[in-house]
Amino acid sequence: MKKILLSLILLPNLVWSQSHEENIKLIFDTELSNGHTYENLRYLCKEIGNRISGSPQAAAAVEYTKQLMESYGFDTVYLQPVMVPKWVRGKKDEVKVLNSDKLGSVELSALALGNTEGTGTGGLVGEVVEVKGLDGLKAAGDLVKGKIVFLNGPMDPTLVNTFQAYSGAVGQRGSGAAEAAKLGAKAVLVRSMSNRIDDIPHTGNQRYNPDYPKIPALAISTQDSELLSSLLKDQKDLKVYLESHGKMHEEVLSYNVIGEIRGSERPDEIIAVGGHLDSWDVGEGAHDDGAGCMQGIEVLRLYRELGWKPKRTLRAVMWMNEENGLRGGTEYARVAKEKGENHIAAIESDSGGFLPIGFSSTGTDKQRQKLQSWKSYFTPYNIWKLDVPGGGADIGPLRDQGPLLVGLHPDSQRYFMYHHTAADVFEAVDQRELELGAAAMTALVYLLDREGLE
Ligand SMILES: [Zn+2]
């Protein structure tokens, strides 16, 4: 008896069970009965709201997450400075068909794409040439000169992983304006990146080619894309008016927000976990990516609540400016390299706060096999898909430093109903699904911490 008591006193963690299964059950039980993730997300969405980089709300989100992590008593909480672009949408975006024989004048649901230069007051009018994605634009060639190009390539509905469908279609949003400008077009309209037909326009990033004019680029809803396409079939001289006021301002000083619990045995080995704190300037950035940030903080909070001391150093990271620049992720990796830090793994949740079904990853075969060898610990929680390739945008720049990169992989069927829209609000997130994601990430961090990847 005396011997047992003594060993208990000497053990750093009185509450550790020797069994991974039991410890992981404790993580899920604690999160599902007493999690903070949902309430913290509510605060971020409702009290701060959307938070595009360089905005006052982004600065408020930096302050909020810093204070939140301090209130949980993490060992260190600090800000990592990073310069970010500041794009401001300005007044309401407008797209209007002016002369439809069938319908007269018709307003279309539209949102200017991020980083675009607006038309300014007075707008612009032009005839429209419809093309299917970037390949269609290439084929149209000189036909688009002096016209408004309508890039109407849909996401492929047959792909069950909707992120694959997104990847297949998003090129027209990212570089449609740059490519159309090369051909002398005066503006672009882009079909919203959504796999259903509705009236919600989706904004998102686009990149100009500095050697060509910065022409206005706006997304229109899938429903209005279908409408415009059908009107164009009957009437080639259809004229469209568009007005937008986007403007790029001087860069602004912002921050990645980092909270740390120092490892007790191998403090130099780091496991980073988190999401991106910035969002687009519509909705509340709930799924994208308030959810991932709050889940990342929750991983470390659960360690505190359970009284667990990690062997390795755990780091919750809120990266800044994923949406229109990736400056935070890039700077984080640069500083890590400069300091000679050793990340064994970096985990990002940036696929929405939906029901987790697995993890995506990028790494060596050995690292990925180790991850997959833990499958049986996750299957009791309906998490089974551990072989998906992937990771996350913000952790990508760490790649050449050799850590295993992991993305939380939730069910993706509903993500593109909300992505980059006014509909991405707190109410669109389910508490149970969000918490299961936080618990899954904590369980993975736990296994990485206990077992390492060797
Ligand atoms: Zn995101």
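The phi angle of N115 is near 70°, a positive value in a residue other than glycine. With a relative accessibility of 11%, which is under the 20% limit, N115 counts as buried. A positive phi value in a non-glycine residue also occurs at L326, where the angle is near 60°. L326 lies in the loop between strand 12 and helix 10 (327-338), and because its relative accessibility is 24%, L326 counts as partly exposed.

Confidence in the prediction was considered next. The protein chain averages a pLDDT of 96, and 97% of the residues score at least 70. Over residues 1-12, however, the pLDDT is below 50, and this stretch has two contacts in the model beyond near neighbours in sequence. Where pLDDT is low, the predicted coordinates should not be read in detail.

The strand pairing can be followed from strand 1 to strand 12. Strand 1 (residues 76-88) and strand 10 run antiparallel and are joined by twelve bridges, with K247 in strand 10 as the bridge partner of V88. Strand 10, which spans residues 247-261, pairs in turn with strand 12 in the antiparallel sense, over five bridges. Within this pairing, G259 has A316 in strand 12 as its bridge partner, while I261 stands opposite L314 of strand 12. Strand 11 (residues 266-276) is joined to strand 12 by eight bridges, and these two strands run parallel; here I271 stands opposite L314 in strand 12. Strand 12 itself, formed by residues 312-319, is mostly covered, eight of its eight residues being buried.

H276 lies in strand 11 and D288 lies in helix 9, so the pair ties together parts that are twelve residues apart in sequence. H276 is buried, as is D288. D288 is also joined to D289 by a cis peptide bond, for which omega is about 0°, and the place of D289 is in helix 9.

A further residue, E454, was examined in the segment after helix 14 (431-451). The relative accessibility of E454 is 74%, so this residue counts as exposed. When its neighbours within four places in sequence are left aside, E454 is in contact with K366 and K370. Between E454 and A58 there are 396 residues of separation in sequence, and the distance in space is 39 Å from C-alpha to C-alpha.

Key. Residues numbered from 1 in each chain as written. Predicted model: local features only at pLDDT ≥ 70, side-chain atom pairs only at ≥ 80, totals over all residues. Heavy atoms only, no water. Buried < 20%, exposed > 50% of the residue type's maximum accessible area, 1.4 Å probe, protein only. Helix = DSSP H or I, 4+ residues; strand = E, 2+ residues; numbered from the N terminus. Pairing = 2+ DSSP bridges. pLDDT = per-residue confidence, 0-100. Contact = heavy atoms within 4.5 Å.
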